[in-house]
Every structure is written in structure tokens, then in C-alpha cells.
Amino acid sequence: MDGPSSRLRFSLSIFFFSFVLFFVFIPSWCRPLDEPKLLRQKQLFPSSKSRIRKTKTHPSSQAVRHPLDPLTAEEIIRVRSILRSHPPFGSSLPPIHSLSLHEPEKADVLAWKKGDPLPPRRAFVLALSDGRTHELVVDLGSGRVAAHSVESGSGYPLLTMEDLTAALQVPFTSAEFNESIRARGLPMSNVTCVPPSTGWYGRAVEEQRRVIKIQCFDQEGTSNYYMRPLEGLTMTVDIDRREIVEFSDSGRGIPIPKSTGTEYRYGSVEEEEGRDRVPPLKPISMEQPDGPSFTVEDGHIVKWANWEFHLRADHRAGLVISRARVRDPRSGALRSVMYKGFVSELFVPYMDPDEGWYFKTYMDAGEYGMGVSAMSLVLLSDCPRNAYYMDGTFAASDGTPYVQSNMICLFERYAGDISWRHSESFISGSKIRESRPKVTLVARMASSTGSYDYIFDWEFQTDGLIRVKVGLSGMLMVKGAPFANMKNVPGEYEMTGPLVSENVIGVVHNHFMTFHLDMDIDGPNNSFVDVRLEKEATPPGRSPRKSYLKAKRRVARTEGDAKIKLKLYDPSEFHVVNPSRLSRLGNPSGYKVVPGGNAASLLDLDDPPQLRNAFTNNQIWVTRYNRSEQWAGGLLAYQSRGDDTLATWSERNRPIEDRDIVLWYTLGVHHIPCQEDFPVMPTVQLSFDLKPVNFFDSNPILHASPNFEKDLPVCSMAASS
């Protein structure tokens with residue numbers, strides 16, 4: 001029989017996906033001027049071992065130059081050393097579940113100027129010892145622990161890689177599990193398992209211990225084992241005691257779906273009848289013979305067109321934008337827009353009450369971490385040729401640093417879009433044809449959390465707009481079914497989703513992504529304004545019109561006034577304004593959040609998953625700034641009970657008018673799977689905008705230049721080397 005290590009060789013692909021890079025004919029002289037510097041492509045195909053690359057030195061590129069720069073490898077090593085000598089821990093360092101920058105006070109960051117001494121560097125640490133979470137602040141300057149407390153609320157910190165690998169080994173030592181696999185007629189070498197989180201439901205098995213579910217698949221004949229579940233086989237494992245505490249095996253009569261048609265890798269997809277009827281696209285690329293228009297200074301300061309911001313990787317949020325400022329075209333001054341923006345939590349509930357499915361209500365950021373599950377981006381497919389790549393430096397559970405290479409990319413996008421245009425018609429007699437091309441700057445990260453891939457884009461426009469996009473791709477989480485065609489489904493069978501392939505149900509589910517947006521419009525003190533469109537009746541005899549709309553402004557006084565549920569037939573605009581900064585016309589300087597397509601959670605408010613994720617009860621919240629209120633699902637999200645969420649903070653109903661406030665916005669989608677989602681989903685994109693409103697005196701890109709033929713390169717074709 002295979003040993004546990006060989007059985008696990010594919011199990012950790014919950015985090016690692018393989019991609020194939022292929023070369024095309026490219027213009028030989030249109031390559032970047034400094035390709036090695038721009039790409040910094042350390043490994044295109046990292047293995048699980050090389051991807052988590054321990055570092056022993058402090059690279060010069062990691063020198064700290066800004067108060068919000070992430071911890072360097074050298075700093076992480078120093079934190080580990082300080083903790084090892086911390087008396088409560090003695091010489092035995094407990095597992096570290098989170099180690100990141102403890103940001104300086106906001107006022108200190110805002111007051112800091114380049115060339116000033118940096119504020120004290122500190123690290124924030126979550127460690128788990130004897131089932132209790134220790135929260136520590138480590139001062140790197142003094143070499144001591146500045147604060148140490150033990151959390152008394154519910155929940156645990158996010159899982160470590162060691163938690164997952166240990167849990168995955170447990171079933172293979174179980175006689176029940178081995179007998180179940182034999183009964184299904186499978187060799188153990190074909191079995192791979194994944195560790196979905198348990199959520200919290202108040203059951204005795206969940207109390208006073210960390211537990212995780214284990215479910216398994218047949219990987220024979222495909223890399224896409226997600227499409228071949230061993231339905232009904234679910235184990236609950238005590239993570240720390242490393243033992244099975246619940247075993248459920250109710251699906252032996254359900255056939256394992258076939259591997260045919262499940263492959264998705266380039267070069268491995270089976271030839272199908274009619275596939276060559278679709279002609280392939282010819283290669284396409286945006287060329288920049290003079291290089292990109294953006295620069296990255298001091299490792300993290302991005303400057304492009306009229307924008308400047310700080311960009312860094314974070315183990316939990318993934319990608320963090322800080323100190324976003326835009327240059328005023330009249331005064332030339334940089335003006336503050338946003339102090340900090342990032343995805344705070346994701347909530348992904350599946351709509352199936354069965355024993356093997358009810359618990360699938362994931363909080364991906366707080367349970368797994370969007371940064372630690374980020375993949376190295378794929379050259380030329382995830383990001384274009386002239387992209388700049390940024391690594392993430394994180395801490396393993398033993399406190400040693402490792403590098404997530406090429407985790408973030410930064411690039412300019414031009415897709416033929418238009419910034420503004422106008423043409424005069426023949427009626428006026430004028431021959432005016434004015435148009436301006438739209439070029440944007442994109443900061444991108446992709447995370448693979450289980451079967452799903454999330455692509456996060458922060459896109460900056462020269463007109464001052466920030467567009468936040470989330471792309472959903474990857475594989476469905478599917479349920480094995482005893483029938484291969486809808487005509488064979490008995491009437492009493494409860495379908496929790498449609499058939500997407502033979503013996504495969506795509507279970508209905510939701511995706512919610514909540515963003516923390518610390519808007520600082522021309523300074524920290526802002527107000528939230530609900531600009532509501534209300535219908536007015538036209539007075540008799542005034543006009544042939546019967547009705548019209550009027551915009552009425554309502555300033556939110558407290559957090560309770562700023563809980564917003566989006567309504568199609570009760571429309572509003574939602575502004576964050578600086579009441580002390582007025583335009584020449586007397587309007588307050590502001591930005592507005594512009595929703596795109598969205599969805600709301602329909603679960604009962606007292607349903608345990610909804611209690612834990614009550615931040616999805618509204619699409620918009622506004623809270624008083626508090627540096628400890630970062631994570632919408634709570635600091636300790638794993639098995640939490642909902643006692644430390646955005647919803648509970650907002651219940652304090654603090655005053656928010658003309659104060660330092662944080663805007664929270666939730667994107668959502670209801671996903672009813674279909675056949676086109678099989679075996680890998682085309683990307684579905686959601687978005688919202690942060691758009692200036694009376695921030696500028698007039699159109700800030702009025703003086704933008706059009707494109708001229710003479711300015712554009714004409715590239716000759718040559719085979720790439």
C-alpha cells in the first residue's frame with residue numbers, strides 16, 4: 001500500500017495550479033527595454049516546494065523606505081528571534097498563524113514625508129498555543145514584545161499549511177476510510193483529498209477544538225479531480241489531535257463521474273468532434289517600444305499619469321492599495337482620495353443541506369488567506385509582456401520567511417476604449433470629430449482557494465476613477481449524482497443544482513466579496529451622503545409632463561443611517577464628501593461608489609453561516625475609523641460565531657458626520673451553474689467604481705492628447721527566441 005506522502009502528492013493542489021506557457025511570434029524590436037527587470041520572473045512553473053522559498057538573507061530590494069512597506073525577510077527573522085525569547089513561550093515557539101506589519105498610527109503615516117525617519121517598525125502576530133489564540137505586537141526597534149493578550153472571543157486564526165497537510169494525512173491511517181476506498185473499487189494511489197473548512201453550527205463536535213472536514217476524489221485519468229467526487233464520504237478531523245471525530249459514508253451507491261471531458265490543460269484537452277471548426281485567434285499584444293509609462297519607486301510607490309499610490313502584498317487580503325492620491329490638473333497638487341483599500345472578506349455559501357454539503361459556507365480570506373493562496377501569475381496570459389511583477393514575503397508557521405514570487409502584476413491596459421468623444425452632426429455645419437483613447441493602469445492578483453480562482457483588479461483611470469474588478473474562474477464544486485440525464489431524475493429527488501455533465505450536479509451557490517475602503521477625500525474627515533432620486537408630481541397647468549425626478553441629499557449622522565440595501569426602484573447615489581473642501585461653485589469635494597451588477601444574501605438572518613457573515617446583510621456600510629476594525633468577518637474567522645463582525649461594530653451607532661470614516665462595499669453574485677461551466681469556468685467579472693463627484697473643477701482629462709499614426713510603432717514580425 002502507498003505511504004501517506006505518496007497519497008498526498010496531489011492533495012495540496014487546493015493551492016497549486018499548473019499552467020503552460022507557450023510562445024508566439026512577437027515583434028522583435030518592440031520588446032521591453034529592460035525585460036529582466038520588468039519581469040523579475042524567478043520561476044514560471046514553481047513546484048510546491050520551490051514556491052514556498054525560504055530566504056536567509058535580506059535582499060537589497062526589500063529595504064524599508066515607507067511606513068507602510070511590508071515586513072522584510074530580515075524583519076520576519078528578527079520577529080521570530082524575539083518571540084523565541086519571549087518568557088511566556090520559553091524556547092518552544094507556538095505555531096504562528098499570522099505575522100504581518102503592525103501599521104503605524106494613521107496620523108503618523110499621514111504626517112510622514114519622504115526623507116523623514118520612519119515610525120517604529122512593529123509586527124502583529126497571531127500564535128496558537130494550547131487551543132488559545134495569542135495576539136502580540138512585536139517592536140523591532142527595542143527587540144521586545146510590546147503587547148501580548150489572549151483572545152477570549154470565538155474563532156481561531158486562519159489555517160496554516162501545516163494544519164492542512166497534517167489533517168490530510170489522518171484519513172489514510174483510518175481502517176474505516178481504507179475499507180470505504182476498497183469498497184468503491186479504487187486503488188489508494190488514485191485517491192486525493194482536500195480540506196474544506198467546517199464553519200460553525202453549535203454542534204458538540206465543534207466546541208473547544210479546531211476541526212476540519214476531509215473529502216476525497218478519484219484523480220485517475222485527469223488533473224481535474226474536482227469533477228470526480230467520492231460522493232457521501234466526509235470526515236471531520238480534529239486538527240490538533242490529528243484524529244477523526246466523525247465519519248460519514250453514505251454515497252457508496254453513487255457512481256464516480258467519468259474522467260472523459262474533464263481535462264483543461266493546454267495540450268492535454270482531448271480532441272473532440274468539430275473542435276477544428278472554430279478558427280484560432282491570431283496572436284495579439286499591446287506593444288510599448290519606449291517602455292511603460294508607470295514607475296515603481298522604492299519597491300512599492302507606484303507613479304503613473306496623475307496617480308500615485310502605495311502597493312503591497314498581504315498574506316490575508318492579498319493586495320493592498322494605500323495612500324492613493326491623484327494630481328489636480330489646475331494646481332498640480334496631489335490630493336488624497338483613499339487611505340487604504342483591500343478585500344476584507346469573502347463569503348461563499350453552497351445551497352445544499354445534505355450531510356456532506358451543509359457546512360460549505362467558506363470565508364476564504366479569514367480561513368485560508370487570499371495572499372497565501374495566491375499563485376505566481378502566468379506570463380503573457382495573466383499579465384501582458386510589459387507587466388511589472390511584485391513578490392509577497394510572508395511567514396511560515398515556524399516563523400521563517402518565504403517568498404510568493406510574482407504574486408502581483410502592474411501593467412497598462414489599452415483595449416480600444418474611449419476616454420471621451422464628441423462629433424458634431426451635419427445640422428450644425430461643423431466638421432468636429434474629437435476622441436481620446438482610454439489607457440488605464442491595472443494592479444492585479446489572482447488567488448486559487450480550493451477549486452475556485454479569484455482575479456482581483458484595481459484599475460486606475462486618468463479621469464480620477466478607480467474601478468475594482470473581481471473575476472471568478474476555476475472549477476465548480478460539484479456533487480456526484482446517481483443519474484446521467486435529467487430525464488432519469490425521479491420526482492422525489494431534491495436537485496440542489498442542474499446537471500452540468502453526466503452524474504455531476506453543479507450546486508447552486510453565492511459569492512460575496514466585501515471591500516474595506518478607507519476613503520480620505522482631501523483629508524481624513526469626511527461625511528457620507530445618500531443622494532436619493534425621488535419622484536415629484538408636476539403641478540397642474542405647469543407642464544405637459546406628469547412627473548419628474550429630483551435629487552435630494554441626506555447626510556448620514558450615525559452608522560445606523562448608513563446601512564444601505566441597494567434597490568432598483570428606489571435609486572440613490574452614495575457620496576463620500578469632504579464638507580470642508582468646497583469647489584469654486586460651492587459643491588463639497590467628493591467621490592461616489594457606483595455599484596455594478598450585484599446580489600444580496602437570501603439566507604435567514606439567524607442561519608449560522610449568515611450570523612458569521614452578517615456583513616452581507618447590507619451592500620453598503622459606513623463605520624467610524626478604528627484601526628482594529630479591518631476584517632469584516634472578524635479577526636478570528638475560523639469557526640467564529642459572528643460576535644466580531646462589521647455588523648456588530650456598526651451596532652455601536654457611532655457618529656460619522658465630518659469624521660474619519662470607512663466605507664464598506666459588498667459585491668455579490670448568485671451562481672446557478674450550467675453546462676458551459678464544465679470542466680473549467682469562463683471568467684465571470686463583477687465590478688464597482690469609485691468615481692469623482694465635484695472633486696475636480698471640470699473634466700480633468702480635457703487636455704488629453706489623441707492618438708496619431710506617426711506616434712504609434714509599426715512592428716516587424718520575427719520569431720521569438
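How many disulfides does the structure hold? The structure holds two, a disulfide being a pair of cysteine sulfur atoms within 2.5 Å.

1. Basis. This is a predicted model, in which local features need pLDDT of at least 70 and side-chain atom pairs count only at pLDDT 80 or more, while totals for chains, interfaces and linings use all residues. Residues are numbered from 1 along each chain as its sequence is written, and side-chain values use heavy atoms, with hydrogens and water left out.

2. Cys 193 and Cys 216. The sulfur atoms of this disulfide lie 2.1 Å apart. The torsion about the S-S bond is about 95°, so the link is right-handed. Distant parts of the chain are joined: Cys 193 sits in strand E7 (residues 191–194) and Cys 216 in strand E8 (residues 211–218), 23 residues apart. Helices (H or I, at least four residues) and strands (E, at least two) are DSSP runs, numbered from the N terminus. Cys 193 and Cys 216 are both buried, that is, under 20% relative accessible area, where exposed is over 50% and partly exposed is in between (1.4 Å probe, protein chains only).

3. Cys 383 and Cys 409. Here too a disulfide is formed, with the sulfur atoms 2.1 Å apart. The value about the S-S bond is -85°, and the link is left-handed. This pair also connects distant parts of the chain, 26 residues apart: Cys 383 is in the loop between helix H8 (364–367) and strand E17 (388–395), and Cys 409 is in strand E18 (residues 401–413). Both Cys 383 and Cys 409 are buried.

4. Cys 674. This cysteine has a relative accessible area of 32%, so Cys 674 is partly exposed.
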